[in-house]
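Here is a short briefing on one protein model. Have the sequence and the 3D view open as you read.

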Amino acid sequence: MTTIDDVARLAGVSTATVSRALRGLPTVSETTRIRVLLAAEQLDYAASPSASRLAGGKTCTVAVIVPRITPWFVGAVLEGAEEILHAAGYDLLLYNIGGREQARARLLRKANLPKRADAVMLVATPIGAGDLTVIAHLALPGVTVSSGTVVPGWPSIRIDDRAAGRAATEHLLRLGHRRIACVFGDPADEFAHPAHLERQLGYREALDAAGIRPDPRLGIETRADAEGGRSATEQLLTRGDLPTAIFASCDEVAMGVVNAVRLAGLRVPQEVSVVGVDDHDLAGAFGLTTVAQPAAEQGQLAAASLLGPLAGRTRSQEELDPVILPTRLVVRDSTGPPRAD
């Protein structure tokens, strides 16, 4: 049977630190807290949910609200969050709110959420002003992950999406590309907004800085998945004067772009270079150049940020500050210099 001493040895800390980390106390740094929780998860050691329930009448559950469960980013965030929360004795309660028009109604119908969960995590879910009122009435601690929404009293965990789009486009510019298309998420798509729009703005900023006026014929809105990327690229290839490179606002779209380019008889990257954002699990198999974001780490940090308030501790102002994680360019086989005519 795994003990707290086993967790302490694996994490390289004292048993007292393990205890404080699992209780969400402020005297443990986030880095140490996550190391302890991951060690506890690895050893299948968890705080006792039944003891916590008896002590405070808690559900020992965190509600996670997502727009869809299928995108890679959502799954990676949930996996990271589950590692941390399970080790601390909490379960996840998943709410898949579906389309954007349904979001507010679903939240309102779940007015009994405080009876079902002790905290809320919003993942990639933008919400309106009316929803903020509903959330305030829940009186639950929470955190947002890449949601594009500021909730008063909740920290946010994300990347700089505009900088990611700029970095991807600048890579293509450095290779010598000047006719660069952008395939990005449709604003009507719940999951595409606002991260994909921010990445498109980064694309435009990079072109502007290079003295290139964006060609409106080279920008296509699409569904934020591989099928959307394929469909958008088919449209793009019928418009004449083909781009030498395509920036896709996420890797799933980029995979569809690569597929469509190859089905059209064109070579990647010799005739069309392709770059995405995410570093999806399949990006390596596609040889896809991408701007990598730490999705699982965002889930871990979000979950760790809830442990203090779940233990009854008031968050400090520093703990409420936004956390913006770094990205990095990963160059693979899908990008290269433009073909010399």
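Six strands line up in an open sheet, in the order S2-S1-S3-S4-S5-S11, and their pairing is parallel. The edges are strand S2 (91-96) and strand S11 (323-325), each of which pairs on one side only. From one strand to the next, the twist averages 20 degrees. Note that this is a predicted model.

**Inside the sheet**
- Strand S1 (residues 61-66) runs parallel to S2, and 6 bridges join the two.
- Alanine 63 faces leucine 93 of S2 across this pairing.
- In general, the strands of a sheet pair through backbone hydrogen bonds, parallel or antiparallel.

**Nonpolar cores**
- The largest nonpolar core holds 64 residues.
- Val62, Phe73, Met121, Val123 and Phe247 have the most contacts inside this core.
- Helix H5 (residues 72-87) gives the most to the core: 10 residues.
- Which residues does valine 123 touch, leaving aside its neighbours within four places in sequence? They are Val64, Ile65, Val66, Pro67, Phe73, Val74, Val77 and Val145.
- A second core is separate and has 20 residues, among them Ala181, Val253, Val257 and Val258.

**The aromatic pair**
- A search of the whole structure turns up 1 aromatic pair.
- Its partners are tyrosine 203 and phenylalanine 247, with ring centres 6.2 Å apart.
- Are the rings stacked or edge-to-face? The planes are 25 degrees apart, and the cut-off for stacking is under 30 degrees, so the pair counts as stacked.
- Tyrosine 203 sits in helix H10 (residues 195-209) and phenylalanine 247 in strand S8 (residues 245-248), so the pair ties together parts that are 44 residues apart in sequence.
- Buried means under 20% relative accessible area, so tyrosine 203, at 3%, is buried.
- Phenylalanine 247 is buried as well, with a relative accessibility of 0%.

**The chain as a whole**
- The protein chain has 14 helices and 12 strands.
- Of its 341 residues, 52% are buried.
- Take the contacts with a separation of 6 or more: 74% of them come from residues 24 or more positions apart.
- The accessible surface of the chain is about 14800 Å². Carbon and sulfur atoms account for 52% of that surface.

Terms used. Residues are numbered from 1 along each chain as its sequence is written. This is a predicted model: local features need pLDDT of at least 70, side-chain atom pairs count only at pLDDT 80 or more; totals for chains, interfaces and linings use all residues. Side-chain values use heavy atoms; hydrogens and water are left out. Helices (H or I, at least four residues) and strands (E, at least two) are DSSP runs, numbered from the N terminus. Buried means under 20% relative accessible area, exposed over 50%, partly exposed in between (1.4 Å probe, protein chains only). Contact means heavy atoms within 4.5 Å. Accessible areas come from the Shrake-Rupley method with a 1.4 Å probe; for residues, only the protein chains shown count as cover. Rings of Phe, Tyr and Trp (its six-membered ring) pair if their centres lie within 6.5 Å; planes under 30 degrees apart count as stacked, over 60 as edge-to-face and the rest as tilted. Two strands pair if DSSP finds at least two bridges between them. Axes are lines fitted to C-alpha atoms, for helices over the stretch in contact, and angles run from 0 to 180 degrees between N-to-C directions. A nonpolar core is a set of buried Ala, Val, Leu, Ile, Met, Phe, Trp, Tyr and Cys residues joined through side-chain atoms within 4.5 Å.
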